[in-house]
Every structure is written in structure tokens, then in C-alpha cells.
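I opened the model to look up a handful of features. My entries follow in the order of the search.

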Amino acid sequence: MVKHIILWTLKEEYTTEEKNEIKAGIKEGLEGLAGKIPGLVEIKVNTGRLDSSNADVMLDSTFESEEALKNYSTHPAHVEVANSKVRPYTAIRSCLDFEV
């Protein structure tokens, strides 16, 4: 099994209300991939953050294998969500992948 953890910081140009809408869209889009991508075991998006945080959104996903993670990265359903709901709004992306 492989964990794929992403932290995103949204662009500063958005108001709090806009950021809340963006975060809801990211959550809906990514969690909507459950059951649609082979090898994707679990996917959760956390948008509730404490003031001590320096990121806005966390993706916590689990894959059957490193190969399944690679396939997810290019799967059309994932690419569509990433290009429409994530990439246009984020300033910083940090990633940590590891075996469990």
C-alpha cells in the first residue's frame, strides 16, 4: 500500500468566502474519484484547519501500489479534477508519498 499526501495553499488573492467555495469544490471533486480509479483504495480531503496551519487543504489518499499511484496521476478523471478544481486556485503544493 502507498500513501499519497498533498498539502495545498490557496492563492492569496481570494477572499475567505471564495476560499471556502474553492475548498468545497476541491473536496467534492477529489472525493468524487472514489470507486472510479483502479487501485485507489481510499481518498479523503480535509479543509478544516486550525489557525496554526500554514496550508489550506490536505489530500490523504491510499493506493494499492506505487504503480496504481502513477496511473492515478494520469487518469482522465483525476486530471479533469486537478485542472478544473485544484491547479487554478493553488499557490503552493507539497507532496509526500510513502509505503505503508
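Entry 1. I looked up Phe63 and Tyr72 and found both buried, where buried means under 20% relative accessible area, exposed over 50% and partly exposed in between, with a 1.4 Å probe and protein chains only.

**Entry 2. Basis of the values.** The model is predicted: local features need pLDDT of at least 70 and side-chain atom pairs count only at pLDDT 80 or more, while totals for chains, interfaces and linings use all residues. Residues are numbered from 1 along each chain as its sequence is written, and side-chain values use heavy atoms, with hydrogens and water left out.

**Entry 3. Overall fold.** I noted 3 helices and 4 strands in the protein chain, these being DSSP runs (helices H or I, at least four residues; strands E, at least two) numbered from the N terminus. From the N terminus on, their order is β-α-β-β-α-α-β. The radius of gyration is 13 Å, close to the 13 Å from the globule rule for 100 residues, so the chain is as compact as a globular protein of that length. This radius is taken over C-alpha atoms, and the rule is 2.2 Å times the number of residues to the power 0.38. Along the principal axes, the C-alpha atoms fill a box of roughly 40 × 25 × 20 Å. Of the 100 residues, 38% are buried.

**Entry 4. Nonpolar core.** Which residues have the most contacts inside the largest nonpolar core? They are Trp8, Ile26, Leu30, Leu33, Leu59 and Tyr72, in a core of 21 residues. Strand S1 (2–10), helix H1 (16–31), strand S2 (40–46), S3, helix H2 (66–74) and helix H3 (76–86) each supply at least two of its residues. The largest share, 4 residues, comes from S1. Such a core is a set of buried Ala, Val, Leu, Ile, Met, Phe, Trp, Tyr and Cys residues joined through side-chain atoms within 4.5 Å. Leaving aside neighbours within four places in sequence, Trp8 is in contact (heavy atoms within 4.5 Å) with partners including Ile26, Leu30, Leu59 and Ile92.

**Entry 5. Strand S3.** I placed Thr62 in strand S3 (residues 57–63) and found this residue buried at 7% relative accessible area. Beyond four places in sequence, the contacts of Thr62 include Met1, Lys3, Val41 and Glu42. Asp60 is also in S3. Is Asp60 buried or exposed? At 15% relative accessibility, Asp60 counts as buried. Its side chain makes a polar contact with that of Lys3 at 2.6 Å. A polar contact is a pair of N or O atoms within 3.5 Å; within protein, one must be able to donate a hydrogen and the other to accept it, and residues adjacent in sequence count only if both atoms are side-chain atoms.

**Entry 6. Val41.** Val41 lies in strand S2 and is partly exposed at 44%. Not counting residues up to four places away, Val41 touches Met1, Thr62, Phe63 and Glu64.
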